[in-house]
Amino acid sequence: MATQRRKPRSPARQGDVSITPDDLKSYYRDMLLIRRFEEKAGQLYGMGLIGGFCHLYIGQEAVVVGVQACANPGDTIITSYRDHGHMLATGMDPKGVMAELTGRRGGYSKGKGGSMHMFSREKGFYGGHGIVGAQVPLGTGLAFAHKYREDNGVCYCYLGDGAVNQGQVYESFNMAALWKLPVVYIIENNKYGMGTSVERHSARPDLHERGHAYGIPGKAVDGMDVTTVRQETQDAIDYVREGNGPYILEMKTYRYRGHSMSDPAKYRTKEEVSKMRSEHDPIDNVRKKLLDGGMSEDALKEIDREVKAIVSEAAEFAQNSPEPDVSELYTDILVDA
């Protein structure tokens, strides 16, 4: 039987989404939680408590917070390996995420997945995926499941600018357009595919136009402004939820750290990063709006204290959680359908 959901909105127009002061406060807290969590993850990595690869989301917080503000219960989310922010934005417990990063039993994948491979069926989060572009056909499959079940759900399929030149991405675009699948492809264009700028790795840097050959509409969005992300995503979701097929959003964003913790990021200048931080930081932008709207500095500091306490508790939980038993090597190989 099809799952009952709220009736989708009529086609949105620019400015149709009303963002209240409480919404702004919520976005600020959610982005700050991601920022502080990632900063702590970087510290734990430096201490040797997180091994393997670790890709931080610092600077890109407005994208996932703005997008997930539009999600309905039952929608699905899938992304690549820069995924901790997406987990937190879907409501996954910071303690379980941090424990997984440190390879502990209390993690979402029982300490066996690490940074790039943890999931939550309860929250509709289907991973972190370490293979570039591999999540796109999987996300298209999730969208097919929504259509097959007639549950009015939408899949939010995130990918980076470095993934858009993958062949499997275009196979997925074609299939999604052919079957009018309910999927929003969210290209997080942080300007660098690993260490190569988008101008050097893409013949056509207007990535939101990549679906035109299949009749998929697309739009470029200021991914450093959470209110703009919220508005444009709602417009796209309304289009998709009404049965029109897929939509592409190119979120123009920026990562402050290297591609991963092992990347010194020598392919760009310190001045470039500093300019983005000082002029376009997504958290500072919302902070200013809150102050202009009458919120006090003390209230903002209280949110920061609350967030830091959550992150500290998550780090403590992760470090105190035991490592998986050797017997776990043979569990979770198959799942009953």
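At 51% relative accessibility, Asp332 counts as exposed, where exposed means over 50% relative accessible area, buried under 20% and partly exposed in between, with a 1.4 Å probe and protein chains only. Asp332 forms a salt bridge with Lys110, with 3.4 Å between the closest N and O atoms; a salt bridge is a side-chain nitrogen of Lys or Arg within 4 Å of a carboxyl oxygen of Asp or Glu.

This is a predicted model, in which local features need pLDDT of at least 70 and side-chain atom pairs count only at pLDDT 80 or more, while totals for chains, interfaces and linings use all residues. Residues are numbered from 1 along each chain as its sequence is written, and side-chain values use heavy atoms, with hydrogens and water left out.

**Salt bridges**

- By the salt-bridge rule, the count comes to 19.
- Arg241 forms a salt bridge with Asp75, and their closest N and O atoms are 2.9 Å apart. Arg241 lies in helix 8 (residues 226-244) and Asp75 in the loop between helix 2 (61-68) and strand 1 (76-78), so the pair ties together parts that are 166 residues apart in sequence. Helices (H or I, at least four residues) and strands (E, at least two) are DSSP runs, numbered from the N terminus.
- Arg241 is buried at 10% relative accessibility, and Asp75 is buried at 4%.
- In the pair of Asp332 and Lys110, the closest N and O atoms are 3.4 Å apart. Asp332 lies in the segment after helix 11 (297-320) and Lys110 in the loop between helix 4 and helix 5 (135-149), so this pair ties together parts that are 222 residues apart in sequence.
- Lys110 is partly exposed, with a relative accessible area of 33%.
- Glu232 and Lys219 meet through their side chains in a salt bridge of 3.1 Å, N to O. This pair links distant parts of the chain, with Glu232 in helix 8 and Lys219 in strand 6 (residues 218-222), 13 residues apart.
- Glu232 is buried at 9% relative accessibility, whereas Lys219 is partly exposed at 31%.

**Helix packing**

Two packed helices are described by the angle between their axes and the distance between the axes. Axes are lines fitted to C-alpha atoms, for helices over the stretch in contact, and angles run from 0 to 180 degrees between N-to-C directions. Angles under 35 degrees count as roughly parallel, over 145 as roughly antiparallel, 65 to 115 as roughly perpendicular and the rest as oblique. A crossing is left-handed if the near helix is turned anticlockwise from the far one by less than a right angle, and right-handed if clockwise.

- The axes of helix 1 (residues 21-46) and helix 4 (residues 94-101) cross at roughly 25° and come within 11 Å, which makes helix 1 roughly parallel to helix 4. Their crossing is right-handed.
- Phe37, Lys40, Ala41 and Leu44 of helix 1 make the contact with Pro94, Val97, Met98 and Leu101 of helix 4; contact means heavy atoms within 4.5 Å. By class, these residues are seven nonpolar, no polar and one charged.
- Ala, Val, Leu, Ile, Met, Phe, Trp, Tyr, Cys and Pro count as nonpolar, Asp, Glu, Lys and Arg as charged, and the others, Gly among them, as polar.
- Helix 1 and helix 10 (residues 282-292) have axes 10 Å apart and pack at about 150°, and are therefore roughly antiparallel. Their crossing is left-handed.
- Residues of helix 1 that meet helix 10 include Pro21, Tyr28 and Arg35, and those of helix 10 include Pro282, Val286 and Leu290. The contact of helix 1 with helix 10 has nine nonpolar, no polar and four charged residues.
- Helix 2 and helix 8 have axes 8 Å apart and an angle of about 40°, and are therefore oblique to each other. Their crossing is right-handed.

**Two single residues**

- Glu61 lies in helix 2 and is buried, with a relative accessible area of 0%. Leaving aside neighbours within four places in sequence, Glu61 is in contact with Met31, Ile34, Arg35, Pro282 and Ile283.
- Tyr239 lies in helix 8 and is partly exposed at 28% relative accessibility. Not counting residues up to four places away in sequence, Tyr239 touches Pro217, Asn244, Gly245, Pro246 and Tyr247.
- The C-alpha atoms of Tyr239 and Pro182 are separated by 9.2 Å, although the two residues are 57 residues apart along the chain.
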